[in-house]
Amino acid sequence: MPVEDATDAEIIEALEKLARDAIDAGTFVILEADTARNYYIQFAVQDGGMYCEAVSNQYLEPEHQLDDEQTLALEHLGWREGEHEDQNWVRTFTPGPEALANSVALARRAFSEVYGLPDDVPLRMTRSWDGQVLAAESAIEFASEGHRTTYERISSYVAEIYPDTTEFAATEPMLFVQHGSTVVTVAISPVEIHSSVVDLYALLIREPPVTPELMRWMLEANNRYRIGALSLDEDGDIVLKHCLLGDLLAAQELRPVLTSFVTLADELDDEISETFGGYTARDWAEHME
């Protein structure tokens, strides 16, 4: 719900969230000082910075439009006229504690010194995430609500594809799919504030004998398979990896990739262990008992 008569602290808190957690393009915070006359100032993020728009005459009725003296006052406060006819007055800045507090103070000054409203006029704050239903809190720490949303969407797809063999990590945004002799990890990782990737990972063989023959076989195998790539991890174990962009990944796109990856991992671990040696995930568990 919008915040009526928002305090400076509440506005700054909203702008801090806006700066660190852009849910998607177009995320905004709007301050309305006189809804009848459509006097508003709005904030949005762009390319790592923030811009602040003060309503222009384009969106005001003739009797409420700014005169030359008022637009000059707006310029003196740091706003510049938009590059296009349908743009508001704009000022840009790099978000930070001091810059955000200064921007809120300038917004209040603009409402009083430019739009002619009382110094203490109540500001109605609307945030783009108002009314959004967020997921219940969990032990997983997400980078943003966008990261959380992608995790929930992808995890629901995985659980639908493998309803009986999917396990959820308690404190990390990842799932595990048990299939045959292998376990595939599906991790949803943030790469930017509002963007995530889906990493598919399978530890195929532990303690393989690293020989030229095995290395040559892995290179040839990578040339054959369309999904996944074999490599050695830092411990010298053989792993299979694949990466997808998670932001717009649909269920019908994930299903063929994930099922192919899981099936391939289950086939490869047996083939490699039988041909070159080493332990599959199943054999390793028995070996360690």
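Please keep in mind that the model is a predicted one.

I begin with the sheet. Five strands make up an open sheet, ordered S4-S3-S2-S1-S5, and their pairing is antiparallel. The edge positions belong to S4 and S5; each has a single partner strand, so one side of each is left without a neighbour in the sheet. On average, neighbouring strands here are turned by 20° against each other, with direction ignored. As a general point, strands of a sheet pair through backbone hydrogen bonds, in either a parallel or an antiparallel manner.

Let me now turn to one pair of strands in detail. Strand S3, residues 49–54, is joined to S4 by five bridges, and the two run antiparallel. Within this pair, Cys52 stands opposite Arg91 of S4, and Met50 has Phe93 in S4 as its bridge partner. How enclosed is strand S4, residues 89–93? Four of its five residues are buried, so S4 is largely enclosed by the rest of the structure.

The next topic is the packing of nonpolar residues. The largest nonpolar core holds 39 residues, and those touching the most other members are Leu15, Ile41, Phe43, Leu74, Trp79, Phe111 and Tyr115. Two or more residues of this core come from each of helix H1 (8–20), strand S1 (28–34), strand S2 (39–46), S3, S4 and helix H3 (97–114). Which element gives the most to this core? The answer is H3, with seven residues.

Leaving aside residues up to four places away in sequence, Phe43 touches Leu15, Leu18, Thr27, Phe28, Val29, Leu31, Met50, Tyr51, Cys52, Phe93 and Ser103. Met50 and Phe93, both in that list, are the bridge partners I mentioned for S3 and S4. There is also a second, separate core of 37 residues, including Ile188, Leu204, Ala221 and Phe276.

Finally, I come to Trp129. This residue lies in the loop between strand S5 (124–127) and helix H4 (145–161). Is Trp129 buried or exposed? Its relative accessibility is 11%, and the cut-off for buried is under 20%, so Trp129 counts as buried. From C-alpha to C-alpha, Trp129 and Leu175 are 28 Å apart in space, and they are 46 residues apart in sequence.

Terms used
Residues are numbered from 1 along each chain as its sequence is written. This is a predicted model: local features need pLDDT of at least 70, side-chain atom pairs count only at pLDDT 80 or more; totals for chains, interfaces and linings use all residues. Side-chain values use heavy atoms; hydrogens and water are left out. Buried means under 20% relative accessible area, exposed over 50%, partly exposed in between (1.4 Å probe, protein chains only). Two strands pair if DSSP finds at least two bridges between them. A nonpolar core is a set of buried Ala, Val, Leu, Ile, Met, Phe, Trp, Tyr and Cys residues joined through side-chain atoms within 4.5 Å. Contact means heavy atoms within 4.5 Å. Axes are lines fitted to C-alpha atoms, for helices over the stretch in contact, and angles run from 0 to 180 degrees between N-to-C directions.
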